[in-house]
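Here are a few exercises to work through with the model open beside you. Try each task before reading its solution.

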Amino acid sequence: MQKLLIIGGVAAGATAAARARRIDAKAEITVLEAGPDVSFANCGLPYYIGGDIDSRSKLILQSPESFKSQYNVTVITETEVQSIDRRNKLVSALHIPSGKQEEYSYDSLILAQGGKPLVPPLRGVKLDHVFSLWTLQDMDAIDDFIRYRKPENAVVVGGGFIGLEMIEALRKRGLNVSVVERMPHVMPTMEPEIAGFLQEELLSFGVGVYTSKSVEEISSSQVLLDDGSRLNADMVLMSVGVRPTLKLASDAGLELGDAGGLLVDRNLRTSDPHIFAAGDMIEIEHKINGAKVRIPLAGPANRQGRIAANNALGIPKEYSGSQGTSIVRVFEAVAGSTGLNLNQARQAGFRAEAVTVHKEHHTSYYPGARQVTVMVIYDRETGRILGGQTAGLAGADRRLDVLATAAAAGMRVHELSELDLAYSPPLGSANDAINMAAFAAENRISGYSPAITAAELDQFTGRHKPAFIDVRDYFAFERSHVSGADHVPLTHLEQRMGSIHRDRPVIVYDETGKKAHQALRQLVQAGFDEVYNLSGGFTSLERHARALGFSHLHVPLLQPEEKSLEDEHEAEEQVPEQGSGGALTGGGLLVIDVRTPEEFAYGAYPDSVNIPLDELGYRAEEISDKDREVIVYCASGARSAYAARMLTQMGFSDVKNGGGLMDMMENLA
C-alpha cells in the first residue's frame, strides 16, 4: 500500500488529496495543514466582508471530518512541518495545540504550502488596525474590527486583485477608502488603458487613488506617504503581494528557480524524485514564451494539484504551463488579461503589436447594450496571438476566455478574425468585438490601416510631432480633445482636406477607432503618405491619460461620473424634458431632432425639438401649422431623410432634410 503525504491544503493540496483517492482506493493518504482549515474558498473572502456572501460556512469547502468520510483521507490541521528527511523519507512536524512532535513517513510527498502575504517592514505595520487578508481568521478579524470598532476611513496598500476587491468590500461596509499603489497605476500588469478604466470606476465611487506613491509609516489614525502627504486611516489593509513558502523546501536542499519559486519539471517533480509540488510555491513554464514564472492563481493551483497526484502515484501526466489568465471585478467594472502584455512580449523577443476596439457587448439596437473593450496582442511577423486584455461593464469575461483559448492554441490573427462565435441580438453581434479586433490587427499588419496604440503614442509624438485630426462630433470635441488637435468631423473631411498638414504624420481619432479608420482610408486615397488610426480612439486615449499620463501631449480629463452603492432598483429611467409644447404650436422655423432622447441629451442643435423617429407618426399631429418651415436632422442624415418623407406625405408643405447633426452645426457656424 502506497503512502502519500501532502503538506498543505486549501487549493493545490486539497485537490491533490481528492484526486489521489480517485486514482488509488487503497493508498494511505495524509494531509498535514499548518492552519486550522484544510480547504476553504480564499478567493471568496473579500465578498464575505462586503456582504455579497451572506454565510461564512459557504466558504468552508471541506473539513477534516468530511475528507475522512468522503475520501478516507486523514487530515491533521494545526500541524507545522519543520523538516524533511529525504534519505529516510520522513517528515518531522509539530502539532501546535498540544506541542507534540510527530514523524510521518511517505513513499511520495507533495508540497503544497502556497504562499503568504508580503508585509513590508514599515513603522506601525503591527498596530491592531493593520490587516492582511489570506485566511478565514484574517477575514474574521477584519469583519469583527469593522463591526465593533466602526472605522470610518480605510487605506488599502496595493492595487492588485485582493486590494481592488477589498476596496469594494470596504465601501460596501460604509468606509471611506483610499488605495495607494507604488506603480504608476493599479493592476500594474495590465495595459494603462485597461487599468485606466478601473481607476475611473474607483473615482466614480468616491475612492481616493494615489499611484506612484509608497507608504512610509502607519500611525493610529493616518498613513504617511513618501511624498509627505498624509491619509486619514483608522483601518489599513496591506495587499502588496504574495511570497512563496519555501523555507521547508530550501532547508531540505530542494532546488529553487530563478523566478523565486520551487523548481519543478513538467511532471511537477522537484529535484528529489520522490517529492512533487504544486500551487503558489512553485515556478512553472509560461505557455507563450516558455519562461519560468510564478503565477499564484487558484485555477493553475487546482490543476497542478490534480497532476501532482497523478505523478506521485505513478501515473505520468505533464503540466503544460500557464498563461496567467486572470480577471477582477471592482464595483461594476470588470477587467482581465491573458498571456503577455505588450512590454512582456517585446522583452521576450517578439515583434509585438497591439490593437484595441470598443464595441457593444451585444447588438446596439437590443436594449441594455454596454461597451466592451478588447485588446489583442500579437506577433507582427507570424500573426500569432500572444495575449490580450478586456474590460467593460458587461461581456469582458466572455471575450477574455476566447482570447485565452486562442493564445493557448497558438492561433493566428487571421484565424481569430474568422472565428465563429455565438450570436443572437440579446447575446452578441454578428461580428463580435473579438472578430473586430482581429480585423483591426489584420489591417495594421497589412498596412491597409496603420494604427498606433495609446501606449505607443507618447514616444511617437515626441519624435515626429504629428498632426492630430479629431473626426468626432462637435459636442464630443468640446467636452475634451487632444490639445492642438484640428476638429474635422468625418462628414466634412473631404471638403476640409486642403487644411490638413501633408508635411508631417497625421493621426486621426474618433471615439472608438471605427470612424477614424474610415477617415484614414479617405486620406490615404487622397494621397496622404503617413496616416495612423489611434487604436481604440479617444476612449483608449483618455483611459491611458488617467492611468499613466503623457509627456508629449495633453489630454484634459473629465470628472468621472459619480456613482452610488445605494439600491437603485426603484429608480425609474428619466426621459429628458424637451419643452416642445410651445414650439410645436407656435410659428416660424421649427427644427426637429429625430434621434433618440439619449442622443439628444448628449448634445443637440440650439432650440431644436426632440421627436424620435419612432414617435413622429403620431406626434406630428401636435404641429399646428403644416405650412411652417420645418428642418429635420439626425446623426448622419439617414433617419432625417425618412422623417422628411413622412412629414411630406402627411401634408407638410415646407420640409427640408438638414442631414446630420454636424451638418447643422456647420451651418450654424
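Buried means under 20% relative accessible area, exposed means over 50%, and partly exposed is in between (1.4 Å probe, protein chains only). This is a predicted model, where local features need pLDDT of at least 70, side-chain atom pairs count only at pLDDT 80 or more, and totals for chains, interfaces and linings use all residues. Residues are numbered from 1 along each chain as its sequence is written, and side-chain values use heavy atoms, with hydrogens and water left out.

**Exercise 1.** Classify C634 and C43, then count the disulfides.

Solution. Start with C634: its relative accessibility is 0%, so it is buried. Next, C43 comes out at 46%, so it is partly exposed. Finally, searching the whole structure for disulfides (cysteine sulfur pairs within 2.5 Å) turns up zero.

**Exercise 2.** Check the span of helix 5 and find its buried residues.

Solution. Helices are DSSP runs of H or I, at least four residues, numbered from the N terminus. Helix 5 covers residues 161–172, which is 12 residues. Just past the helix, G174 has a positive phi of about 95°.

**Exercise 3.** Which residues have the most contacts inside the largest nonpolar core?

Solution. Such a core joins buried Ala, Val, Leu, Ile, Met, Phe, Trp, Tyr and Cys through side-chain atoms within 4.5 Å. The largest has 54 residues, and I84, V91, L109, L111 and L262 top its contact list. Helix 1 (residues 12–23) supplies the largest share, six residues.

Terms used. Helices (H or I, at least four residues) and strands (E, at least two) are DSSP runs, numbered from the N terminus. The expected span of a helix is 1.5 Å times one less than its number of residues.
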